[in-house]
Amino acid sequence: MRWLVPLSVLPVVALLAYGFRTNPRDIPSPLVGRPAAPFALTAFDGKPVSLAALRGKVVVLNFWASWCNPACYDEAPVLQRTWQTYADRGVVVVGVDMQDTAEAAQTFIRRFGLTFANAPDPQGKVAVEYGVYGVPETFFVARDGTIRSKHVGALTDAVIRAKLEPLL
Amino acid sequence: MTPEIGAGALIVALGLAIYGCAAAAVGGRTGRVALVESAQHAALGVFTLVTACLLLLAWSFLSFDFSVRYVANNTNLGTPFYYRLTAVWGALEGSIVLWAWMISVYTLIVVLRHRRNARELYPWVLSVMLGVLAFFLLVMTLPAPVFQRLAPVPADGRGLNPLLEDSGMITHPIALYLGFTGFTVPFAFAIAALVTGRVGDAWITTTRGWTITAWYFLSLGLLIGGWWSYHVLGWGGYWAWDPVENAAFMPWLTGTAFLHSVMIQERRRMLRLWNLALVIMTFALTLFGTFLTRSGVIASVHAFTQGSIGVFFLSFLAAVLLLALGLLAWRWDALGAQGELDSVVSRESAFLLNNVLLVAAAFTVFFGTVFPLLSEAVRGVKVSVGAPFFNQVNVPLFLGLIFLMGVGPLIAWRRASLDNLKRNFLWPVALGIAAAAVFRLVGIRSSLAVLALALAVFVTATIAVDLVRATRARLRTGERLPGALGGLLLRHNRRYGGFAVHLGILVVAVGVTGSQAWSVQTERTLRRGESTELGGYHVRFDGLAASEESNHFKVTGTFTVTKGNATAAVLQPAKKFYPQEQSPIAYVDYRLGLTEDVYLVLGDFARDGSQATVRLQVNRLVSWIWIGGAILTLGTALALVPERRKAPVPVLVPV
């Protein structure tokens, strides 16, 4: 019985050793090239948000959370700028708020003056459908409804330009 | 030639450390004093050689010796001399040198202090210290050779990571490493106790000062790390539950638990097994921290490079744990308790609960840190564990700990009577409740903040009750107030040092509560001359200026901050463009205050200076975190004042 104490070390060491075989920054995205999973949510302002209604538009689908500091705070103004500059070229920005409280999320939206559609994902269903592993993550959906690329981490204007221009 | 001398010295030091480790162990086993003395000489030799290596490395940096790969990677001709010195430990290889040097210093102090007063334990302590040292020297020789040559020799180096060009980087690693390495000494004593079977209380008494010192430096390292994060990283916070912050926090939690549980062993002969296990865990967690930062297993902002070094650290960690816990299992029968718990309402149980909470906190932090790995191994799914998890689980634990901080020191040993409880806690509890009501009335909405602040008032009141009562007792004997107070503090320095440390922690807790509950921030794009308002401050953008610094290009914004009609400050946040970095580094500017800090980060800007985006934060009570650190320092110093024993009765009988 007492020898279980030292032996309990082994599984922990095995787990850490397993870590050598993985790269924490390498996130596979098998969804690229596949049709984007449909979803229908209700935005914070009460309006419905569904992917089906956006067919024919280029969709920037951003997963975020108010507790995701600093990355989500860094990219919020970028997203708002994207929405303002690209709206008339057929681009729609949709924010999906994960694992958050409505109050904190709305404070976040007000703080950055976000005017694009932002919806909570109460059961985390959409996040699971898209295989989101953490926030922020952004999917770029083409006019035909397929996911063209994915970006992990905070967006910058340069990233937006590089990912978005080919889809216009 | 310098690098070859350095590399050679390291190999000799490695040989000496291995020899000393073995010699001390054999000497301890056979009782041959000559072997132990020989191991002492080896320890002195190792110290001298590692010191020489550190100096040679510093010299390589000062003289821009770019033929050394490590120097070329971490400095360039524009690096000012003080940052060339801190660059010595600015990256992986050099940080190991500093680490090893500190253990060698500690080993030397152990030799000087304990070779006479802990004779049975001493050879094994020396053996363990030299064994740990040998491991780090092995790392410096094989996977992380600091003196490796670079050919062809570049004309200029790559330069230090700009984020490390900060005064915090002089003190933060030093304090943190002094804390990490400091726990090697109590660990060595614990192992010596287990090997020799002298698992009584001697090792605890001997290591008390060491544990407090290591704990203090670890605390200081954490606080300075928070300060660095706050004023350099520019996200306005001081703690992010990053895996590497967690790595330093876990040994702090178990170390804190150990500091408290030893008092029960000293007093009641209980918890022997538990104390040994805590010391082993604390030391193992310091190794785990180094493993985490240097193996690249878990993604983190602090991660050093990857490479074979992770395998070395993991193997050593496994060996240490198996050996130490194996010894523990071997001595299992001798570790039973002699005293037992008399009542649930007693100081023992308050301390026990404190230990349970601290270890629970350490476990949840550990779990949250390795969970991404676990999830990937078991389910093949990548997940990330964010601050909400850590906050949700730990905040209640920490509130409980603060409450116990008030209860533990005053409640009676063994069994607290109703009278004892009333005498000690009536006023503090009443004050705490009254404070909670007042906080509500003045409009604090967050229940968590009200609870945290009321608990702080309660604990402060318990300390005040104790101090007032003890001072009064001395006044009754005819002493004057300053003399009575001073005598009290010095006479019972352990107790009042502990109280002062508690006060420091409370002040830190108030700072954390305030900054979490009341800080506000906004981000605005301003045209020149335009202003914005936040928390009563008006911030006006006055223009941009560009300048060429010794090793980077800098764009500085000027902002005038006014409150009411008076100018509060002119702040100049900047963006620094380093040739070796792809993205610019933000340079934060701020005005610190007792109740609130104004904190500005420059974002994007128009090249002609006509407009700029700025993040403005008004952070509340953050300064109290640093003030708490200062109080903690004073308290530790008081606790470490050598005890003035009653004059020993001279032994006249010839031995």
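Hi everyone, let me start with one residue: Leu271 of chain B has 22 C-beta neighbours inside 10 Å, so Leu271(B) counts as buried. The cut-off for that word is 20 or more other C-beta atoms within 10 Å. Before I go on, please keep in mind that this is a predicted model.

Trp241(B) lies in the loop that links helix 9 (202-233) to helix 10 (243-268) of chain B. How many other C-beta atoms lie within 10 Å of Trp241(B)? There are 18, so Trp241(B) is partly exposed.

Let's stay with chain B and look at how some of its helices pack. Helix 2, residues 33-62, and helix 6, residues 122-141, of chain B meet at an angle of about 35°, and their axes are 11 Å apart. The crossing of these two helices of chain B is left-handed. On the helix 2 side of chain B, the contact includes Val36(B), Ala39(B) and Val46(B), while helix 6 of chain B brings Pro123(B), Leu126(B), Leu130(B) and Leu133(B). Sorted by class, the residues of this contact between helix 2 and helix 6 of chain B are 9 nonpolar, 1 polar and no charged.

Now move along chain B to helix 13 (residues 347-379) and helix 14 (residues 387-407). These two helices of chain B pack at an angle of about 160°, with 10 Å between their axes. What does that angle make them? Helix 13 of chain B is roughly antiparallel to helix 14 of chain B, because angles over 145 degrees are put in that group. Helix 13 of chain B passes helix 14 of chain B in a left-handed crossing. If you want to find the contact on screen, look for residues including Leu353(B), Leu357(B) and Gly368(B) on helix 13 of chain B, and Phe389(B), Phe390(B) and Leu397(B) among those on helix 14 of chain B. The residues in this contact of helix 13 with helix 14 of chain B divide into 14 nonpolar, 5 polar and no charged.

Further along, the domain assignment of chain B gives domain 1, made of 417-518 + 624-640, and domain 2, made of 521-621. The C-alpha centres of domain 1 and domain 2 of chain B lie 39 Å apart.

Next, how do the two chains meet? The contact takes 29 residues from chain B and 26 residues from chain A. On the chain B side, the elements that give two or more residues are helix 12 (309-330), helix 13, helix 14 and strand 1 (520-527). Which of them gives the largest share? Helix 12 of chain B does, with 10 residues. By class, the side of chain B that touches chain A has 20 nonpolar, 6 polar and 3 charged residues.

That brings us to chain A itself. Chain A has 6 helices and 7 strands, and its C-alpha atoms fill a box of roughly 70 × 35 × 30 Å along the principal axes. Of the 168 residues in chain A, 33% are buried.

One of the residues to look at here is Trp64(A), in strand 3 (residues 58-64) of chain A. Trp64(A) has 26 C-beta neighbours inside 10 Å, and therefore counts as buried. Leaving aside neighbours within four places in sequence, Trp64(A) is in contact with Cys72(A), Gly95(A), Asp97(A), Val135(A) and Pro136(A). Trp64(A) and Thr138(A) are 74 residues apart in sequence, yet their C-alpha atoms are 8.7 Å apart in space.

Last stop: helix 3 (residues 71-86) and helix 6 (residues 157-164) of chain A pack at an angle of about 45°, with axes 10 Å apart. These helices of chain A are therefore oblique to each other, and helix 3 of chain A passes helix 6 of chain A in a right-handed crossing.

Key. Residues are numbered from 1 along each chain as its sequence is written. Chains are lettered from A and ligands numbered from 1 in the order in which they are written. This is a predicted model: local features need pLDDT of at least 70, side-chain atom pairs count only at pLDDT 80 or more; totals for chains, interfaces and linings use all residues. Axes are lines fitted to C-alpha atoms, for helices over the stretch in contact, and angles run from 0 to 180 degrees between N-to-C directions. Helices (H or I, at least four residues) and strands (E, at least two) are DSSP runs, numbered from the N terminus. Angles under 35 degrees count as roughly parallel, over 145 as roughly antiparallel, 65 to 115 as roughly perpendicular and the rest as oblique. A crossing is left-handed if the near helix is turned anticlockwise from the far one by less than a right angle, and right-handed if clockwise. Two residues are in contact if their C-beta atoms, placed from the backbone, lie within 7 Å. Ala, Val, Leu, Ile, Met, Phe, Trp, Tyr, Cys and Pro count as nonpolar, Asp, Glu, Lys and Arg as charged, and the others, Gly among them, as polar. A residue is buried if 20 or more other C-beta atoms lie within 10 Å of its own, exposed if 12 or fewer, and partly exposed in between; C-beta atoms are placed from the backbone. Domain bounds come from an automatic or database domain assignment.
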